[in-house]
Amino acid sequence: MSYNILVLDEGTTSTRAILFASDGVFVASAQKELTQRYPQAGWVEHDAGEIWDKTLECALEVIPKAGGAAMIAAIGITNQRETVVAWDKATGEPLTTAIVWQDRRTEPFCAELRQAGKEAEVQAATGLLLDPYFSGTKMRWMLDNVPEVKAAAQAGTLAFGTVESWLVYKLTGDAKHITDASNASRTLLMGLEDAQFSDDLCALFGVPRSALPTVTDMSGALAETEVSLFGREIPITGLVGDQQAATVGQACLAPGETKATYGTGAFVLTNQGSTVPRSQNRLLGTVLTQIAGERTYAIEGSVFVAGSLVQWLRDSLGIVEVASQTEELARSIPSSGGVTIVPALAGLGAPHWRAEATGVISGLTFASGKAELARAALEAMAHQTHDLAEAFAADGTGWETLRIDGGMAANDWMAQDLADMLGIRVERPEFVETTALGAAMLAAAGAGLYPDLARAAAKMRGTLKTFQPAMSDDVRLERLARWKKALAAA
Ligand code: ADP
């Protein structure tokens, strides 16, 4: 008999249920879009009830394709990180809309804490920076601004959780309030050393510790679904935030191994082994895996604009009709003709962290056309990644190979340019859904289908395509000089 693993992949724009065979082969999937709410500039919300309903619908749609619930060996969940759900344990219902990771409403509180000189101690304890991106200030905002949340806190029935925590609560029949260590490490409330919520941090952010879930391993017998949902109790044996999932899915399980996901933004994580990361270069430290209480960590750098620059070329400038056309345009010319784009359309993330920066297109002449702009947009991905590579190297983690994934990684020209500009080999799996695959690996190992995660990853990771660096030093140095000049103007 061949058992399947059911992955619930909770993205920002959609929820999906994906079936994998135990050897990692994709079997089937179902997907539903999630409503995005933008009630004010800088605010982004989801309906937690909708997330749960659509997750359940997707799961019920694919389970028959496995041959029924009896054929599902385990469930793994991976999710958009940092997004906060608040619900009432008395009713099992959400108390307010979920505040999504992209939401900037808590910047004034973050600024207040930065001005009070708290960033160094927060970074030392959590590996994170004081930015609205992370969950803690979003929880505080709900306590201050939503009467229902405040009342539930006073009544002792308030539950906070990230998306995987909310789904486990619902999947267990409103029973289990847990979160995995990778998701907990994005809240600003968890100490990186011991992976427990800290009383000091809860006090600093004004979040009652009693409302927080219990931090668990990411793989193992974590919970079981309530029998009425699928007709049988299915073990939940993998829980993991999306970027950590992609890192596992790319089998970056040894120190130094690095993956970069090029989606809307770009997220780069390097495995740090069991050493707690201490970045001197404004990179983040985060939990990569926790299994049987043993942790590995990662250094993380996020770039805000990657594929969204291509979307902008498509939707605002009309230079391409579909994103993949950027590849033929880039190939149609020998160089960008000196055109350089700094994609600071939403400020600059790691390693620059300049929220106020705006975008730049430099080097325009009458010879500059669509192809030059498309090529410059793709070149910007390698330039941004190069800056991250320098910051990682300065933190003592140089890269030997870069393993890429995400929608934009399908672009062969960009993949080759990354290899050329970084001067290292770039690998891309044939199966690009590495986030879901990583959750499947953790769930498979957690269900005992493999003796450990390394063997699950070795068996379940598919074939790779490799790109070797071939650019001359002269061209590379000219590109970097142009980039540095344009960056200074951003
Ligand atoms: P997310 O998970 O963040 O929604 P995806 O991983 O699905 O994003 O990637 C989609 C992004 O990748 C879009 O912004 C799109 O513009 C870009 N993209 C997709 N295919 C290509 C391609 N062949 N070349 C360049 N960009 C692409």
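User: Where is the place of Pro351?

Analyst: This is a predicted model: local features need pLDDT of at least 70, side-chain atom pairs count only at pLDDT 80 or more, and totals for chains, interfaces and linings use all residues. Residues are numbered from 1 along each chain as its sequence is written, and side-chain values use heavy atoms, with hydrogens and water left out. Helices (H or I, at least four residues) and strands (E, at least two) are DSSP runs, numbered from the N terminus. Pro351 falls in the loop between strand 20 and strand 21 (360-362).

User: What is omega for the peptide bond from Ala350 to Pro351, and is it cis or trans?

Analyst: Most peptide bonds are trans. The bond from Ala350 to Pro351 is cis, with omega near -5°.

User: Is Ala195, with its positive phi, buried or exposed?

Analyst: Most residues other than glycine have a negative phi. Ala195 has phi near 50° and sits in the loop between strand 11 (190-191) and strand 12 (196-197). Buried means under 20% relative accessible area, exposed over 50%, partly exposed in between (1.4 Å probe, protein chains only). At a relative accessible area of 1%, Ala195 is buried.

User: What is the relative accessible area of Asp174?

Analyst: Asp174 is not a glycine, yet its phi is positive, about 55°. Its loop runs between helix 6 (163-171) and strand 10 (178-180). Asp174 counts as partly exposed because its relative accessible area is 31%.

User: Which side chain of opposite charge is nearest to Asp217?

Analyst: Lys and Arg count as positive and Asp and Glu as negative; His and the chain ends are not counted. A salt bridge is a side-chain nitrogen of Lys or Arg within 4 Å of a carboxyl oxygen of Asp or Glu. Asp217 is buried and has no salt bridge. The nearest side chain of opposite charge is 6.5 Å away and belongs to Arg295.

User: Which backbone nitrogens lie 2.9 Å and 3.1 Å from a polar atom of the side chain of Asp217?

Analyst: A polar contact is a pair of N or O atoms within 3.5 Å; within protein, one must be able to donate a hydrogen and the other to accept it, and residues adjacent in sequence count only if both atoms are side-chain atoms. Asp217 lies in the loop between strand 13 (214-216) and strand 14 (219-224). At 2.9 Å the backbone nitrogen is that of Ala292, and at 3.1 Å that of Gly293.

User: Which residue forms a salt bridge with Arg403?

Analyst: Arg403 counts as buried because its relative accessibility is 12%. Its partner lies 146 residues apart, in the loop between helix 10 (242-249) and strand 16 (258-262). The closest N and O atoms are 3.4 Å apart, and the partner is Glu257.

User: Which residues are linked with Asp417 in a network of salt bridges?

Analyst: Asp417 and Arg479 meet at 2.8 Å, N to O. This pair joins helix 14 (residues 412-422) to helix 17 (residues 473-489), 62 residues apart. At 3% relative accessibility, Asp417 counts as buried, and Arg479 counts as buried at 3% too. Linked with Asp417 in the network are Arg375, Glu379, Glu478, Arg479 and Arg482.

User: What do the buried residues of helix 11 pack against?

Analyst: In helix 11 (residues 307-315), Gly307, Ser308, Leu309, Val310 and Leu313 are buried. Contact means heavy atoms within 4.5 Å. These buried residues pack against helix 12 (325-331), strand 20 (340-342) and helix 13 (370-394).

User: How many residues of strand 17 are buried?

Analyst: Ala266, Val268, Thr270 and Gln272 point one way, and Phe267, Leu269, Asn271 and Gly273 the other. Strand 17 (residues 266-273) is largely enclosed by the rest of the structure, because the buried residues number 8 of the 8.

User: How many bridges join strand 17 to strand 19?

Analyst: Two strands pair if DSSP finds at least two bridges between them. Strand 17 pairs with strand 16 in the antiparallel sense over 5 bridges, in a hairpin with 3 residues between them. Strand 19 (residues 294-303) also runs antiparallel to strand 17, and Gly273 has Tyr297 as its bridge partner there. The bridges between strand 17 and strand 19 number 7.
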